[in-house]
Amino acid sequence: GATPLVLPSLLQCDFANLEREVRTLEDAGIRALHLDVMDGNFVPNLSYGMPIVAALRKVTKLPLDVHLMIEKPERYLKQFAEAGSDLITFHVEAVADAQPLVNEIHSLGVKAGIALNPATPLGTLDAYLGAVDLILVMSVPAGFGGQKFHDVALDKLQTLNTQKQTGQLRPEVILEVDGGVNTSTIGRCAQAGAQWFVVGSAIFGQASYRPAVEQLTQLARL
Ligand code: DX5
Ligand code: ZN
């Protein structure tokens, strides 16, 4: 099958040397970056906003997969698009109706993703399955790196993958998993149907990135 995509989560990286981190990740074979934007309201943690996205846009051509863990994400879609996002994912829990946000992200020429936390039932996404480009299945409650993997994500991925087989979900919709993804969980995520794998501590906690990225990519191959 297609080569699995491992995306480093830029949350526990060295922000004092961001350009160097990006070069090291590129040299390690990374082909896209996952940016964890947190506002201290939707999640009890605060990370960064548009300035960091714009700074990264200046130093890399890699696709920027922006994960908005913020309240009222509709306020900032245009600004994250202008900062250089290639894909903007917001949380279904943060909006009353996701459709207008998906429409606006598309009108900005950016791909639209929708994310759901472990506690949120998959049925919450039903109305949006025909519109989104990506579904981000959280395997940890959004907010922090280094948390333990929640197996409920595997059930959701499996269901979504089955919906691709039965035609309920368009086959081109990307299934992404995020949180607690490491050498002992990534294989099961791939078997359940995940195609994009967000990894934080299992990369940034390592002395060198390349062996970790290569091992994770290999383990994610079906
Ligand atoms: C959590 C973030 C994840 C997290 C992944 O809210 O969305 O991307 O940083 O970090 P690990 O891989 O350490 O769970
Ligand atoms: Zn994330």
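Which residues does Gly143 touch, not counting residues up to four places away in sequence? In this predicted model, Gly143 touches Met38, Val43, Asn45 and Met69, where contact means heavy atoms within 4.5 Å. The glycine sits in the loop between β6 (134-138) and α5 (152-165); helices (H or I, at least four residues) and strands (E, at least two) are DSSP runs, numbered from the N terminus. Gly143 counts as buried because its relative accessibility is 2%; buried means under 20% relative accessible area, exposed over 50%, and partly exposed in between (1.4 Å probe, protein chains only). Gly145 is placed in the loop between β6 and α5 as well, but counts as partly exposed at 33% relative accessibility. Leaving aside residues up to four places away in sequence, Gly145 touches Leu11 and Gln12.

Residues are numbered from 1 along each chain as its sequence is written, and chains are lettered from A and ligands numbered from 1 in the order in which they are written. Because the model is predicted, local features need pLDDT of at least 70 and side-chain atom pairs count only at pLDDT 80 or more, while totals for chains, interfaces and linings use all residues; side-chain values use heavy atoms, with hydrogens and water left out.

In the unreviewed UniProt entry, one "binding site" annotation covers His34, Asp36, His67 and Asp178. These residues are spread over 145 residues of sequence, yet they cluster in space, with a largest C-alpha distance of 10.5 Å. From this set, Asp36, His67 and Asp178 belong to the lining of the second largest pocket. Here, on a 1 Å grid over the protein atoms alone, a pocket is an open set of points where a 1.4 Å probe fits, with protein on both sides within 12 Å along at least five of seven lines, and lining residues have an atom within 4 Å of a point. Another "binding site" annotation from the unreviewed UniProt entry covers Ser9, His67, Gly143, Phe144, Gly145, Gly146, Asp178, Gly179, Gly180, Gly200 and Ser201. The lining of the second largest pocket takes in residues of this set, including Ser9, Gly143, Gly146 and Ser201. UniProt positions are given in the numbering used here, feature names are shortened, and annotations may be inferred rather than shown by experiment.

Asp36 is part of strand β2 (residues 33-38) and counts as buried because its relative accessibility is 5%. Beyond residues up to four places away in sequence, the contacts of Asp36 include Leu10, Tyr48, Met69 and Asp178. The side chain of Asp36 also makes a polar contact of 2.6 Å with that of Ser9; a polar contact is a pair of N or O atoms within 3.5 Å, and within protein one must be able to donate a hydrogen and the other to accept it, with residues adjacent in sequence counting only if both atoms are side-chain atoms. Asp178 belongs to strand β7 (residues 174-178) and is buried, with 7% relative accessibility. Among the residues that Asp178 touches, not counting residues up to four places away in sequence, are His34, Asp36, His67 and Val198. A polar contact of 3.1 Å links the side chains of Asp178 and His34.

Ligand 1 brings several of these residues together. It is surrounded by 21 residues, of which the closest are Asp36, Gly143, Asp178, Gly200 and Ser201; a residue is near a molecule if one of its heavy atoms lies within 4 Å of it. An N or O atom in the side chain of Asp36 is 2.7 Å from an oxygen atom of ligand 1, and one in the side chain of Ser9 is 2.9 Å from an oxygen atom of ligand 1. Gly146 contributes a backbone N or O atom, 2.8 Å from an oxygen atom of ligand 1.

Turning to helix α8 (residues 209-219), Tyr209, Ala212, Val213, Leu216 and Thr217 are buried. These residues lie on the same side of α8 because they cover an arc of only 125° around the axis, the arc being that of the directions from the helix axis to the C-beta atoms. The buried residues of α8 pack against β1 (5-10), α1 (18-27), α6 (186-192), β8 (196-199) and α7 (201-204).
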